[in-house]
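Dear colleague,

Here is the structure I said I would pass on. My notes follow below it.

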Amino acid sequence: MTLSTGDPNLSVLQYCASSTDKFYLVTSASQTVSVFKDIGTSLSKLRVAR
């Protein structure tokens, strides 16, 4: 599926993300590694508290 800025599918996918900064528009397979690295870095900054 190809998404453009005005594509209504893009809005739906962004709405599914917990926040806009956690939405990644991946348009090619080569972007997957970079996106997963970003997500992994974000997860490593989380701290579990009681």
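Where does Phe23 lie? Phe23 is in the loop between α1 and α2, helices being DSSP runs of H or I with at least four residues, strands runs of E with at least two, both numbered from the N terminus.

This is a predicted model, in which local features need pLDDT of at least 70 and side-chain atom pairs pLDDT 80 or more, while totals for chains, interfaces and linings use all residues. Residues are numbered from 1 along each chain as its sequence is written, and side-chain values use heavy atoms, without hydrogens and water.

The chain has two helices and zero strands. It exposes about 4,600 Å² (Shrake-Rupley, 1.4 Å probe; for residues, only the protein chains shown count as cover), and carbon and sulfur atoms supply 58% of that area. Of its 50 residues, 12% count as buried (under 20% relative accessible area; exposed is over 50%, partly exposed in between).

Phe23 is buried, because its relative accessible area is 19%. Leaving aside residues up to four places away in sequence, Phe23 touches Leu10, Leu13, Gln14 and Ala17 (heavy atoms within 4.5 Å). Between Phe23 and Val35, twelve residues apart in sequence, the C-alpha to C-alpha distance is 9.9 Å.

Val26 is in the loop between α1 (8-16) and α2 (31-44). With a relative accessible area of 37%, Val26 is partly exposed. Together with Tyr24, Phe36, Ile39, Leu43 and Leu46, Val26 makes a nonpolar surface patch of about 580 Å².

Regards

Terms used: Patches are made of residues with over 30% relative accessible area and no salt bridge: like charges are joined within 9 Å, nonpolar side chains (Val, Leu, Ile, Met, Phe, Trp, Tyr) within 5 Å. A salt bridge is a side-chain nitrogen of Lys or Arg within 4 Å of a carboxyl oxygen of Asp or Glu. Buried means under 20% relative accessible area, exposed over 50%, partly exposed in between (1.4 Å probe, protein chains only).
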